[in-house]
Amino acid sequence: MLVVGMMGSCREKVPDPEMYELGVMIRNAGNYFDNNGSISFLRREKSTAEVDLFLKENGRSLTGNAQDYTEVGGHSIILLDNSSPGLDKIEIVNMGTFKSEATLTAPDIENPRAVVGISDSKAYVSCWDATGDFSNFYKNPGYIAVIDLDNFKVIRKIPVPKGAEHMVKIGNEVFLGAVGGTENLTVIDATTDTVKRSIKLGASPDPIDVDANGKLWVKGNGVVYRVNPRTDAVEATLRVGTNPLKSPSNYAITPDRRGFYFVYSFYDPTDSYKEKGETYYFSIDDATIAADKPFVNRVFTGLGVDPMQGLIYAGVTPSYKQSGYVIRYRTDGSVVDSIRVDVAPSGFMFK
Amino acid sequence: MSKRQLYGRFLAFLFAVIVTSTATLRAQEDSISLRPVTVTGFAPARFLAGLKVQRFDSVTVEQFRFQNLSDLLAFHTPLAFKNYGPGQLNTVSFRGTSSSHTAVLWNGLNINQPNLGQTDFSTLPVAGFTRLAVQYGASASVVGTDAVGGSLLLESAGTQPAGLRLSVGRRQASFGNQQTQIGASYGTQLNENLRFSGKTLLYGGRMPNRYPSTQREGYALESAEASQRGLVQDLVLQGKNDRQLSAHLWLTDNGITLAPANPTSRELTRTQSYRSMVQYQTPTWTWRSAWTRDLIDFGRGDFANLEHTGTDRFLTRLEKEMNWRLGAGATPLTVRIGGEVAHYRTRVDGYTDPLITENRADLFAMSRWQASARWLLSATVRQAFVTRFDPPITPSLGTEYRLVTHSDYILTLKGSLGRSYRVPTLNERYWRELGNPAIRPESGFNKEAGLEAKWNPSPVHSLTGSLTAYHNRVDDWTYWNPQRGYRVENLQLVVARGIEVQGQWQADFTSWQAGASGGYALTRTSQERVYDTYAVDVVGKQLVYVPLHQANVNAYAQRGRTRLTAQLRGVSRSFYTFDNFRFLPGYVVANLLAETTWQRGHWHTSAQIQANNIFDALYLNVKRNAMPGRTFSLNLVVTYNSESK
């Protein structure tokens, strides 16, 4: 519904809507030191993707690791983390045409991590700020850059804990996770752009999504939390799987908001630290998450479920120096097709 | 010096240029005349018959005296460079190999940084050496590890003429960039039997790179501030009977700060090298001892805690050369045998132990036989020994045959077979977690054949040309495998093959001179081993950052003491994904140089104006930042010569 709404607003703003309207936007993170993140576009009925829309439409590359992507108020927002200091940035493009509208750069933007739309004219971008060396990596507090999409400016920086990560907007509140050592979710008032309160959960809490019952699911270290966003009550803490070697990642909610797919993997020390594992599903009604019946017997760098067709999109990264693939699965785990895309497919936006 | 003397000197100089540019030919003439060879120093090429050598004349070296070695090579050779930006890491790919497959030799000593096993060409200024040659093809049997794709031979100044020469040089370039050089060379006869000479050079530069704009056509011009300084010291004592004692020192200190204006996120990389060598030579013996220290410091923000890499290397080598005359034709056979021992001490924050030491040794025998006036043969063999493992035994065989010998026209056929190896770098073995103590040396096999021609159609014009085809197979190619968290493995098999064409034209008219040289290289290099499911996308594809086509053209015209030079370099696209799905576009860069000299009494002044990238071409470095557009520089060198009048 949200997506349809955005498409509507896009049509109002752009009299000549371009081709990137109905389909799947694929975020290719890229290889960090190559600064080659990009956005691919796939029409559902096709089995070949259009690669690097930004280069195609603007004649220049994005130049950075594509950290996150979202669409808000007729704009597409791409977060770019460059391997060189001082060159991180946000590219804002027209959602329909992918033509560049604005570039926001350092020092406004330093290590951008995630983006969430607040209104048609406002978006939040969580940032780590400048990082240090390995002994003190998160040396600065994080911040949320408040972006005015009418004037394409960072109008405010909201100070937040170190290692600011993903955000989920519920009503007028934004729930922010962090990996910098805090055990709290930070709750921000999206009207006043101020921190309202925090919710203590456990190490590295990072919000995933809101389920059909309006509950917020939060990723922790080997666990997921179910939080009531109205009361801040932690209703459940579920251990994900039982294998002490493996850790869960890449959670993707299903269109009915009643379950999550996730990757459960480890780096095998007996086999040159190759990443091994499987992809599983759990329901929001499950009392435990056993992770014993794989949906697919392989690992992915990104997962998403298409609300329109119900197919599961899984990003394969053979290496960070070659093309990735998006494999489309039916819910029974059978393969529909495999589509070549750019390096490290890591995120999907369906519209 | 009178005008006429000057003119004569210039002609002699020009002659020297022509001769050195056709040096392989000269070498053959040496051998044909059967004159006894006096060995001063050690030229690896003598024992590498069949391999291509490209020597650079002093005009070319002088034109780049304020720039880095990579700037010179890019416009004169088909070597490909992987550049991270001005003043930043710049590594080489020689004939389709990786950055650690080129041996960089300074007076015969491999100066690749031992932890990384490669050279950052942004830290090697042309001012640091006097002579330069590029040895194409695997020459590991003669020069040792790393010479898989080829070698770069840098040599210090030898003996200097009598008297004292003092010089001051200054380069002022776009973006506030500048270089200063202060040097002296001196020579004197101490007594009847002893002659002393030497050279001292101090250089320093600051490259603040104050670009007028932060971007070009939407691509960032990365803010980076570089500094460079160094000291070169050569001392030579010549005794009687061709005995010579020499000492050489080259200190370099390079710093690069990215985002210097940003105190929290700026990044500093400082690279310092100390290289010192003492050498004693007689007509048959050469003894050499060297000490090198390579330091790298890296830090962010306030630079309070720098990550440190430091390696000391102590090395001694002894060689003996023997000459015989074989058979009825008394054809000369030269055999050179020798050995080298080296001790390494490395301290790196990320290594398994705070101090790691290892010993290496090499034994080698090299031979060269001028079997007939037309036919030259060389055969060499080397065995290296390294703590805990030994590289494979490394032989090579080469030959050159003169097909046509005519007073105006010479055609030579060449061929060579040679194994090569690369001892794994210290990083590959000792890096905590990602390193692999069990990693094996890489092993290569290079085959090549070529034709060389020289033609003098008239007394005015001379032409040289060469055509070379090669096939180089490198197995156990190490790979920091991204699928295994970038742990290093002997995973790949790389085959590089290619064709190189080079040509040169030189014309000497009565009142002016002109010349042109050009080169084209087709470099096809690919990984051939299947080691995982998705390798099918990768196998057989062109290696990343190696353009398939490269070409360069240099042309000049000179009248009196004024010379105009144009330099052109073109490269085709270079892929940055292993499956050749994505690439950085190809580009053409052109430079113009105008230079002139004045002489008055003891004073000699040379001035040069450079316009680089005159067409303002946009091209990207591997970080996908824009390289600078059109730039200008003014270079001025004033020399006082006590001997000139």
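This tour moves through the cavities and then the nonpolar cores of the structure.

The model is predicted, with local features needing pLDDT of at least 70 and side-chain atom pairs pLDDT 80 or more, while totals for chains, interfaces and linings use all residues. Residues are numbered from 1 along each chain as its sequence is written, chains are lettered from A in the order in which they are written, and side-chain values use heavy atoms, without hydrogens and water.

A search of the whole structure finds 10 cavities of 30 Å³ or more, a cavity being a set of points on a 1 Å grid over the protein atoms alone where a 1.4 Å probe fits but cannot get out, and a volume being the space filled by probe spheres set on the points, which are joined across faces, edges and corners.

Select N110(B), T145(B), R313(B), Y344(B) and R360(B), which are the closest to the centre of the second largest cavity among the 26 residues that line it, lining residues having an atom within 4 Å of a point. This cavity has a volume of about 340 Å³. Next, colour strand 20 (375–386) of chain B, which gives the largest share of the lining, four residues; strands are DSSP runs (E, at least two residues) and helices are runs of H or I, at least four, numbered from the N terminus.

Now select L69(B), L73(B), L152(B), L154(B) and W250(B), which touch the most other members of the largest nonpolar core, of 40 residues. Such a core is a set of buried Ala, Val, Leu, Ile, Met, Phe, Trp, Tyr and Cys residues joined through side-chain atoms within 4.5 Å, where buried means under 20% relative accessible area with a 1.4 Å probe, protein chains only. Helix 4 of chain B supplies the largest share of this core, five residues.

Finally, another core, of 20 residues, lies apart from it, and includes L48(B), L51(B), M366(B) and F389(B).

Key
On a 1 Å grid over the protein atoms alone, a cavity is a set of points where a 1.4 Å probe fits but cannot get out, and a pocket is an open set with protein on both sides within 12 Å along at least five of seven lines; lining residues have an atom within 4 Å of a point. Buried means under 20% relative accessible area, exposed over 50%, partly exposed in between (1.4 Å probe, protein chains only).
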